[in-house]
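Subject: Structure handover

Hello,

Here is the structure I promised you. Please open it first, then read the notes below it.

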Amino acid sequence: MMTKEQIMQTAMDHVYDMVIAYDLTGDIVFANRTAKDLLDYQEEIYNHTIVEIFPGIFRFSGGMVQLMCSNEGDSIEVDAYRANRTCFPVQMRLTTNQDGTCVCVAFDRTKETYLTRKNEQVGQEAQVAEKIKSEFVANVTHELRTPVNGILGNILELKEMESDPAKMRILSLVERGCGDMNAIINNILDFSKLESGKFTLEKREFEFRTMMEYIKSNHKRKITEKGLEFTMSIAPDIPEKIIGDELRIVQVLNNLLSNACKFTSVGSIAVEVVKTAQMGHRIELFFLVMDTGIGINKVDQDKLFKSFSQVDASISRRYGGTGLGLNICKQLVEMMDGDIHVESDEGQGSMFSFQIWVDVPADEVEQSAVGQGEASVQRSAVPIKTLSDFTSASGMDELRSYGSKENLEEINRNLNKLILSVEMDNWEKAEGFSNTLRELTALAPQEIKNAFLRLKMAVQRQDYDRVTEQYEQFKQMIEQ
Ligand code: ADP
């Protein structure tokens, strides 16, 4: 049977920490196995003093050993010196017994220190690499802008000289390509600036309704050209003038509206702005951009605001885009103290909403809100629309249910536009109308769907004779 002392000795020799005891004069009176191994001593350790092992915190004074740093019991980080005078970092704690003997327990921090240094180094290297990457992206995109604008300038000049419609159409296509490329370059530049924290907002006074009119005129033609209805409503209690970054608010709205237009082929698109809160000279504006388009399923909604995310690759092939737009919108809105959300159902439409805080010039602040102080927020009781409110108000159920008056009228309208586009040799537009027709006939009987599919294939093949033949057949079938 082991004695208590033997048990203690065995335990002491097997702990991972160094345990060293020393007396008032600094002589070592006990050292466990770990201490001897790590310090490269054997029994001769008893011929040495604690000052030799930890010269950083002990010294002799009048023949007695003295601790030069923090209080006893505290954890101390110090270097321990081996017999050959090399050293390693340890973390130690000291306790003094009643007879003046001190016990020091210390563990080797070599591995931890190494890992911390390594992590710091990796972190620094990653930061440098990130900076180089951002600068590279910013430089390349900036450099790309010059040739694109050069091409654009020349195309505009050529268009002035040209009168042949076929050549004009090609020139217009190149012009559109340059515009798309510029938009992509701007997105990448904004994104890299936002990522590197170099993006700042500019606050200026501007006319809110003029800005909204500008947005409306930017999109109205394209939306109505697609046969969609477009409405915009602005709450009357929003002041005429506000102070904020007009350019960036326009950018967010433009992005949401372009997406709404891109992903909607039947129904309507609407924009609504209401004032939801006021705090002294600041107001919260709430924007809604709604569409009756293809919608986004619940799983994909989570990925939407992440960079480079497009719901699926086939969508990006069909509709184009870099998947940066919504991420930039989210970052811009957050810089304006707001948030962006989406409510959507596959096949039903989407509703993007965001709120931002803007300032109001002193002479525009509503009397009721003056003197309310910074602390009190007045929330307006504005009823906020839901997606289903919007889709049912847009009459989407009637429009989609095959055979209803609204549905047949819409099919006929799109068919006429399709055949007109084919006659004008605009196959891209014709394909757009055939996509809309596919949605309008989604709930039709199988023979109608088949007839439509034949028409769609003829459009895809750009076969004029076949399109007119299939068009007649399809039209007869729906008129029966
Ligand atoms: P991109 O610049 O490629 O359009 P965005 O970040 O603006 O990128 O949009 C990312 C993806 O989100 C789109 O490719 C599309 O799949 C989906 N999306 C965005 N807005 C809508 C919408 N109104 N209806 C349906 N899908 C949408």
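**The second largest pocket**

The second largest pocket holds about 270 Å³ of space. A pocket is found on a 1 Å grid over the protein atoms alone, as an open set of points where a 1.4 Å probe fits, with protein on both sides within 12 Å along at least five of seven lines. The volume is the space filled by probe spheres set on the points, which are joined across faces, edges and corners.

This is a predicted model, where local features need pLDDT of at least 70, side-chain atom pairs count only at pLDDT 80 or more, and totals for chains, interfaces and linings use all residues. Residues are numbered from 1 along each chain as its sequence is written, and side-chain values use heavy atoms, without hydrogens and water.

Strand S9 (229–234), strand S11 (268–279), helix H11 (387–393) and H13 each give two or more residues to the lining. Helices (H or I, at least four residues) and strands (E, at least two) are DSSP runs, numbered from the N terminus. The lining has seven nonpolar, six polar and five charged residues. Here Ala, Val, Leu, Ile, Met, Phe, Trp, Tyr, Cys and Pro count as nonpolar, Asp, Glu, Lys and Arg as charged, and the others, Gly among them, as polar.

**Helix pairs**

H13 (residues 405–423) also packs with H16 (residues 464–479), at about 165 degrees and with axes 11 Å apart. Axes are lines fitted to C-alpha atoms over the stretch in contact, and angles run from 0 to 180 degrees between N-to-C directions. H13 and H16 are therefore roughly antiparallel (over 145 degrees; under 35 is roughly parallel). Their contact (heavy atoms within 4.5 Å) includes Leu408 and Ile411 of H13 and Tyr464 and Val467 of H16. By class, it has eleven nonpolar, three polar and three charged residues.

H4 (residues 110–161) and H5 (residues 165–195) cross at roughly 160 degrees, with axes within 9 Å. That makes H4 and H5 roughly antiparallel. Their contact has 17 nonpolar, seven polar and three charged residues.

How do H6 and H7 run, parallel or antiparallel? The axes of H6 (residues 208–225) and H7 (residues 246–262) cross at roughly 20 degrees and come within 10 Å. So H6 is roughly parallel to H7. Ten nonpolar, four polar and two charged residues make up their contact.

Best wishes

How values were computed: Angles under 35 degrees count as roughly parallel, over 145 as roughly antiparallel, 65 to 115 as roughly perpendicular and the rest as oblique. On a 1 Å grid over the protein atoms alone, a cavity is a set of points where a 1.4 Å probe fits but cannot get out, and a pocket is an open set with protein on both sides within 12 Å along at least five of seven lines; lining residues have an atom within 4 Å of a point.
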